[in-house]
Amino acid sequence: MRVQSMARLAEKLAAIDRRGYKTYLELLGAYAGPDFDLFFDHIQGDPFASPSRVRVRVPAHKHGIPSYLYRTRVRRVAACDFLARQVAAAIRRLVKGHRGTGHSGLIAIDHGGQEILERTAVALNDEWAEARLAVGLPAAGRTILGQEARTMLCEELPAVVRASLYYASLDARLFEEHVTLAEDQEAIRAALERQGLVAFVGEGAILPRRSGVSDAPLPKDRAVAFVPPPSLTVTFDTPNRGPLRGMGIPAGVTLIVGGG
């Protein structure tokens, strides 16, 4: 694959401005910039079709993410999850959004909900960090808005990358907490069966959600922290937080009664 420069991408976008939408197909390929490399893997057929698929890749010597944050599988899953959330947050702050017909102006990433799950939205290894994005290339009707596309791809997207995939731009403490929390959770899950348990709820957990359509916890000043009943209290040793008390639910039938 021949790699072109980001300057060449800007020239292409200026050249196809106000042409038919399918001319965007000329963007397919790879572009190298000072901050990251950009890959166009799929170009949508029109502004109402599924958005285009692009990847942004930052070499390891530029992103600077310490390898200990992704040295094991569980840490890598958690690190990629954290980065996907950072990309999504940067998009909300830095991208104008809708500008034209259909999906025009969209930049999005699959960052999931509260669960830390293995996804393909972000990849991280010793060579590079990569985010896979959906991008709605802008148009008025089916006429290319080249200047709007240039703003998205040559200004907004680089700002998103610098804010979310560069370790120096991230909160190092939150990053490490995210990774070590996932590691502790996995250690508890692995130990459940050995103790004849099927689930664990940590002491002090905030269980009620903010609303019926939100998976965020209720603010602590409005919620009652969970207290495990003495008969079901167990303690697990975790690799990062040491002993952790809570309620262990045994295998078998458990009846839960009370309010909704």
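Q: Which residue in β4 is the bridge partner of D37?
A: In this predicted model, R57 of β4 is the bridge partner of D37.

Q: How do you know that strand β3 and β4 pair?
A: Pairing needs at least two bridges between two strands. Strand β3 (residues 37–42) and β4 have 5 bridges. They therefore count as paired. The sense is antiparallel.

Q: What makes β4 and strand β7 a pair, and in which sense do they run?
A: The cut-off is at least two bridges. β4 and strand β7 (residues 128–135) share 8 bridges, in the antiparallel sense. Along this pairing, V54 stands opposite L133 in β7. V58 has A129 of β7 as its bridge partner.

Q: Why is strand β4 called largely enclosed?
A: A residue is buried under 20% relative accessible area. In β4 (residues 52–59), 6 of the 8 residues are buried, so the rest of the structure largely encloses the strand.

Q: How many residues of β7 are buried?
A: In β7, 6 of its 8 residues are buried. The strand is mostly covered.

Q: How many bridges join β5 to β7, and why do the two strands count as a pair?
A: There are 2 bridges between β5 and β7. At least two are needed, so the strands pair. They run antiparallel. A108 stands opposite A134 in β7.

Q: What links β6 to β7?
A: A hairpin does, through 3 residues. The two strands also pair in the antiparallel sense, over 3 bridges. On this pairing, V122 has A131 of β7 as its bridge partner.

Q: Why is E130 called buried?
A: The cut-off is under 20%. E130 has 1% relative accessibility, so it counts as buried. E130 is found in strand β7.

Q: R99 lies in a loop; is R99 buried or exposed, and how do you know?
A: R99 sits in the loop between α3 (73–94) and β5 (107–108). Its relative accessibility is 7%. Buried means under 20%, so R99 counts as buried.

Q: What does R99 touch?
A: Beyond residues up to four places away in sequence, R99 touches S104, G105, P138, L145, E148, T151, M152 and E156. With one of these, E148, the side chain of R99 makes a polar contact of 3.2 Å. The limit for a polar contact is 3.5 Å.

Q: Why is R119 called partly exposed?
A: Partly exposed lies between the buried cut-off of 20% and the exposed cut-off of 50%. R119 has a relative accessible area of 24%, so it falls in between. R119 is in the loop between β5 and β6 (122–124).

Q: Which side chain makes a polar contact with the side chain of R119?
A: The side chain of D81 does, at 3.4 Å. That is within the 3.5 Å limit. R119 also touches others, including D110, H111, G112 and G113.

Q: Why is R19 called partly exposed?
A: R19 has 39% relative accessibility, so it lies between 20% and 50%. R19 is found in the loop between α1 (6–15) and β2 (29–32).

Q: How far apart are R19 and I144 in sequence and in space?
A: They are 125 residues apart in sequence and 5.5 Å apart in space, C-alpha to C-alpha. I144 is among the residues that R19 touches, along with E26, R142 and T143.

Q: How much space lies in the largest pocket, and which residues are closest to its centre?
A: The largest pocket holds about 1300 Å³ of space. Of its 29 lining residues, Q114, L181, Q185, A205 and I206 are the closest to the centre.

Q: Which element gives the most to the lining of the largest pocket?
A: α5 does, with 7 residues. Both α5 (172–192) and β10 (197–202) supply at least two residues each. The lining divides into 14 nonpolar, 7 polar and 8 charged residues.

Methods
Residues numbered from 1 in each chain as written. Predicted model: local features only at pLDDT ≥ 70, side-chain atom pairs only at ≥ 80, totals over all residues. Heavy atoms only, no water. Helix = DSSP H or I, 4+ residues; strand = E, 2+ residues; numbered from the N terminus. Buried < 20%, exposed > 50% of the residue type's maximum accessible area, 1.4 Å probe, protein only. Polar contact = N/O pair within 3.5 Å; in protein donor to acceptor, adjacent residues only side chain to side chain. Contact = heavy atoms within 4.5 Å. 1 Å grid on protein atoms, 1.4 Å probe; cavity = no way out; pocket = protein on both sides within 12 Å on 5 of 7 lines; lining within 4 Å. Points joined across faces, edges and corners; volume = space filled by probe spheres on them. Nonpolar A, V, L, I, M, F, W, Y, C, P; charged D, E, K, R; others polar.
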